[in-house]
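This report describes selected packing features of one protein model. The sequence and structure are shown first.

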Amino acid sequence: MLILRWARTAIHRNWVWLLIVLCVSVVAGSMLQLRPEPAYTKATWIWNARILPAHTEEIVAFAKQNEINLIYVHVEPTTVSPQVYRDFIRTAKRASIQVEALGGDPNWALAANRGSIGDLVSWVKAFNHSAKPDERFQGIHVDIEPYLLAEWKKNQDAVVEQWMKNIVYLVAETKKDSDLLVGADLPFWIDSVIVPGEKEKVSNWMVERLDSITLMAYRNHAMGQNGIIDIVHRVVADADSRKSGSVVVGVNILESKEGANTSFHADGTVEMEKQLAILQEELAKNPSFAGSAIHDYESWLHASKREE
């Protein structure tokens, strides 16, 4: 009888432990399923800020519909009032959309034009100082593209050196007494440019100094030779060991004269979203991959309306 009672007790204990293990497994599985996906950036550019007063609600509705959570808005102090920007930022933030101040010019790469960078930084900081918390820019985003200058072909090293010094100035001035983020548009081939007199890639140099870079990877297919992933994977891989969440990959839906494969203008928004989903899935394992950006809002909007 004692042996039988012991056996029953042992069996009961085993069943209890089995139930505990099963419960823990179920709870753990549920937690894994509930774990949120990485919060990727989905951005777009607004170059014509004069559309804001009449179209703020439309822009924000479009952004919500297309899961945009970051907008780079061009700063035009002489044609767009601070109140317009305040109203737009407040409306966007209510929809969980961050706004960064956009500015830039190829000539901003030259030391002689550093004052223009300082003007942008000063304007944004003064704007934020006078605005309410929900009306402030989250960062400054620059589009400089010095390779468009005639000087780039004549003396690339000289231009690169000045460009780098201007970026150092931009970051230092922006970070002084502010928590503003600093980002920049860069060509996908920037890793082929070397810091003058050194072995470091300019792409790595930029990643280490900027909060984020947006690679202009203007192709209309994610996979395959000369596809989006093919042309950005080296920069992304290099950035993995340097700064997490630092590389946004940009695509184009603006009609382009640079070739049929450089824009989604002819392919449409459905195909663009399909390719962006592939891009995100393929780069999700890279710590530096931060998301995507679509150039630009007005072109994207027009493409959407053509498909209605």
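## Basis of the model

The model is predicted: local features need pLDDT of at least 70, side-chain atom pairs count only at pLDDT 80 or more, and totals for chains, interfaces and linings use all residues. Residues are numbered from 1 along each chain as its sequence is written, and side-chain values use heavy atoms, with hydrogens and water left out.

## Packing of H3 and H4

Helix H3 (residues 82-94) packs on helix H4 (residues 114-130) at an angle of about 65°, and their axes are 11 Å apart. Helices (H or I, at least four residues) and strands (E, at least two) are DSSP runs, numbered from the N terminus. The axes are lines fitted to C-alpha atoms, for helices over the stretch in contact, with angles running from 0 to 180 degrees between N-to-C directions. H3 and H4 are therefore roughly perpendicular to each other, a term for angles of 65 to 115 degrees.

Pro82, Tyr85, Arg86 and Ile89 of H3 meet Trp123, Phe127 and Ser130 of H4, where contact means heavy atoms within 4.5 Å. By class, this contact has five nonpolar, one polar and one charged residues. Ala, Val, Leu, Ile, Met, Phe, Trp, Tyr, Cys and Pro count as nonpolar, Asp, Glu, Lys and Arg as charged, and the others, Gly among them, as polar.

## Nonpolar core

The largest nonpolar core has 93 residues, and Phe137 and Trp163 have the most contacts inside it. Such a core is a set of buried Ala, Val, Leu, Ile, Met, Phe, Trp, Tyr and Cys residues joined through side-chain atoms within 4.5 Å. Leaving out residues up to four places away in sequence, tryptophan 163 touches Ala109, Ile144, Pro146, Trp152, Leu186, Ile190, Val202 and Met206.

## Two buried serines

Serine 246 lies in the loop between helix H8 (228-240) and strand E7 (247-252). Serine 246 is buried, with a relative accessible area of 1%; buried means under 20% (1.4 Å probe, protein chains only). Serine 246 and valine 207 are 39 residues apart in sequence and 6.8 Å apart in space, C-alpha to C-alpha.

Serine 292 belongs to strand E8 (residues 289-295) and is buried, at a relative accessible area of 8%. Beyond its neighbours within four places in sequence, serine 292 contacts Thr41, Lys42, Ala43, Val248, Val249 and Leu276.

## Helix H10

In helix H10 (residues 297-306), the residues Tyr297, Ser299, Trp300, Leu301, Ala303 and Ser304 are buried. Their cover includes strand E1 (41-46), helix H2 (52-65), helix H9 (269-283) and E8.

Methods:
Parallel < 35°, antiparallel > 145°, perpendicular 65-115°, else oblique. Buried < 20%, exposed > 50% of the residue type's maximum accessible area, 1.4 Å probe, protein only.
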